Amino acid sequence: MGVDDKRNYPHLNTYDLSVFHNRFKQLLTDKGISVYRISIDAGVNDSSNYAWQMGSAPSMASLIKIAEYLNCQIDYLIGRMQQL
């Protein structure tokens with residue numbers, strides 16, 4: 001995550017990573033998309049999913065790519081919205 005991400009999107013520092021990971025995983029399951037498929041189609045590094053599971057936060061660029069590909073809002077992914 002770059003310095004600009006933290007300055008422009010301060011809420012990225014406060015969300016629960018487990019919420020992100022659980023919602024990301026659930027959306028992939030619901031849509032029948034593999035981690036490999038999203039990494040190819042959306043341009044998100046396949047190894048990033050493992051890093052996120054280990055507690056690393058996704059960059060703003062990755063969140064944007066994921067949200068656009070899954071047709072959802074970033075706020076939903078990070079737990080600031082309860083419904084899609």
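1. Start with Lys31. At 43% relative accessibility, Lys31 counts as partly exposed. Buried would need under 20%, and exposed over 50%. Lys31 belongs to helix H2. The model is a predicted one. In sequence, Lys31 and Leu70 stand 39 residues apart. In space, their C-alpha atoms are 8.2 Å apart. Point 3 returns to this residue.

2. Now the overall plan. The chain has six helices and zero strands. Read from the N terminus, the order of elements is α-α-α-α-α-α. Of the 84 residues, 36% are buried. Take the contacts between residues at least 6 apart in sequence: 59% of these join residues at least 24 apart.

3. How do H2 and H5 lie to each other? Helix H2 covers residues 17–31 and helix H5 covers residues 60–70. Their axes come within 11 Å and cross at roughly 30 degrees. Angles under 35 degrees count as roughly parallel, and H2 and H5 are therefore roughly parallel to each other. The crossing is left-handed. On the H2 side, the contact uses Phe20, Phe24, Leu27, Leu28 and Lys31. On the H5 side, Leu63, Ile66 and Leu70 take part. By class, the contact of H2 with H5 has seven nonpolar residues, no polar ones and one charged. Lys31 is among the H2 residues here, and Lys31 is partly exposed.

4. H5 also packs on helix H3, which covers residues 35–42. The axes of H3 and H5 are 10 Å apart, and the angle is about 105 degrees. The range 65 to 115 degrees counts as roughly perpendicular, and H3 and H5 are therefore roughly perpendicular to each other. H3 brings Arg37, Ile38, Asp41 and Ala42 to the contact. H5 brings Lys65, Ile66, Tyr69 and Leu70. Five of the residues in this contact are nonpolar, none is polar and three are charged. Ile66 and Leu70 of H5 meet H3, and Ile66 and Leu70 also meet H2.

5. H2 has a further partner in H4. The axes of H2 and H4 are 10 Å apart, at an angle of about 135 degrees. That value puts the two helices at neither a roughly parallel nor a roughly perpendicular setting; H2 and H4 are therefore oblique to each other. H2 passes H4 in a left-handed crossing. Phe20, His21 and Phe24 of H2 make the contact with Asn49, Trp52 and Gln53 of H4. The classes here are three nonpolar, three polar and no charged residues. Phe20 and Phe24 face H4 in this contact, and Phe20 and Phe24 are also listed in the contact with H5.

6. Next, the rings. How many aromatic pairs does the structure hold? The count is three. One of them joins Phe20 and Trp52. The centres of these rings are 5.3 Å apart, and the planes stand at 85 degrees, edge-to-face. Phe20 lies in helix H2 and Trp52 in helix H4 (residues 46–53), so this pair ties together parts that are 32 residues apart in sequence.

7. Are the two partners buried or exposed? Phe20 has a relative accessible area of 1% and is buried. Trp52, at 6%, is buried as well. Trp52 also pairs with Phe24: the centres are 5.6 Å apart and the planes are at 85 degrees, so this pair is edge-to-face. Phe24 in helix H2 and Trp52 in helix H4 are 28 residues apart, and the pair links distant parts of the chain. Phe24 is buried too, with a relative accessible area of 2%.

8. Phe20, Phe24 and Trp52 are linked by ring pairs into a cluster.

9. Last, Ser62. Ser62 sits in helix H5. Its relative accessibility is 15%, and Ser62 counts as buried. The limit for buried is under 20%. What does Ser62 touch, not counting residues up to four places away in sequence? Ser62 touches Val44 and Trp52.

Notes. Residues numbered from 1 in each chain as written. Predicted model: local features only at pLDDT ≥ 70, side-chain atom pairs only at ≥ 80, totals over all residues. Heavy atoms only, no water. Axes fitted to C-alpha atoms, helices over the stretch in contact; angles between N-to-C directions. Helix = DSSP H or I, 4+ residues; strand = E, 2+ residues; numbered from the N terminus. Parallel < 35°, antiparallel > 145°, perpendicular 65-115°, else oblique. Left-handed = near helix turned anticlockwise from the far one by under 90°. Contact = heavy atoms within 4.5 Å. Nonpolar A, V, L, I, M, F, W, Y, C, P; charged D, E, K, R; others polar. Phe/Tyr/Trp six-rings, centres within 6.5 Å; stacked < 30°, edge-to-face > 60°. Buried < 20%, exposed > 50% of the residue type's maximum accessible area, 1.4 Å probe, protein only.
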